[in-house]
Structure formats: structure tokens, C-alpha cells
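Me: I would like to learn how to read a structure that is new to me. Please take it one feature at a time.

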Amino acid sequence: AFMQTANVMQNGGAVTCSVTRDHLIYTAECHRNGIGQVFAYMAHCVAHPEFLPWELHDLVPPRLNVDLANYELSPECQVIEALHKAAFKGGMDNSLYCPSFMVGRHSSEDMHHFTKTFLTQGNVAVVGLGVPHEELCQRF
């Protein structure tokens, strides 16, 4: 991911990734002249994500522990989680928060399985702002 981000930056672009309960959002901003190159890098990141074992082992658990600690201290978050669980059944009633027993147990294989299962053609949308529709269709 670092190399892909560096390549986007060399083309005058910026990349961010954010997550909500329902969405995984990759955002790329670039100059019009860099659209083709930046799209290629973004497509690669989405279609072939890398989950390096050292990242999952060294970087993810501390972040999950902070998230869980914040959740425990936030009655608002706990109420929203409870309301969401009561309102939905199936996958939508899953918590946003990792169970504490799973911290540090996610593997590259788990992450690849998740992306192969959920980042599929019917679950992905490509949106281009300031990009002609025809050009967007050609690239994807």
C-alpha cells in the first residue's frame, strides 16, 4: 500500500481510506492529467490488497485496543451498538468493534478472505467527480 500511495503522490495525487459501518471508502484526488495513472493504482489497491503479517501483528492490535477502550468509556457508542443490534438481523447486526478475544488474531488469510467475499463487482461502486462519464467507463 505504501508503494501505491507513493506512486499516486508522484502523480500529484492524494489517497485516503475510511471506514463506516456500511462502507469501505477509498478516495483519490489528483490533477486531471494524472487520472489514468491514479485510477490504475487505485484499482490495483482495491482488487489486490496487501495485508502484510507484520502490519497485522504490530500495527493493528494497538489500534483495536484503543478503539475498544474508547467504546468501553462511551455510553453513546454502546447505545448505538445495542440499537443497531436490535434493529437488524444477519450481517447488519454485527458490531463495529472487534471482540477483545480476537485482538491480534487476524491473519493475512482472514483479510484476503474478507476482501474476496465482499469486494466483489456487485458490491463496489466507482464514482468520479469532475471526470467525464465516458472516460470513467473506459477505465473501468
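The dialogue below goes from the whole chain to single residues.

Reply: This is a predicted model, where local features need pLDDT of at least 70, side-chain atom pairs count only at pLDDT 80 or more, and totals for chains, interfaces and linings use all residues. Residues are numbered from 1 along each chain as its sequence is written, and side-chain values use heavy atoms, with hydrogens and water left out.

Me: How many helices and strands does the protein chain have?

Reply: Helices (H or I, at least four residues) and strands (E, at least two) are DSSP runs, numbered from the N terminus. The protein chain has seven helices and two strands, in the order α-β-β-α-α-α-α-α-α along the sequence. Its C-alpha atoms fill a box of roughly 45 × 35 × 25 Å along the principal axes.

Me: Is E81 buried or exposed?

Reply: Buried means under 20% relative accessible area, exposed over 50%, and partly exposed in between (1.4 Å probe, protein chains only). E81 has a relative accessible area of 9%, so E81 is buried. This residue is found in helix 5, residues 75-87. Of the 140 residues in the protein chain, buried ones make up 21%.

Me: What does the side chain of E81 reach?

Reply: The side chain of E81 reaches the backbone nitrogen of L96, at 3.3 Å.

Me: Which class does Y26 fall in?

Reply: Y26 counts as partly exposed because its relative accessibility is 30%. Y26 lies in strand 2, which covers residues 24-29.

Methods: A polar contact is a pair of N or O atoms within 3.5 Å; within protein, one must be able to donate a hydrogen and the other to accept it, and residues adjacent in sequence count only if both atoms are side-chain atoms.
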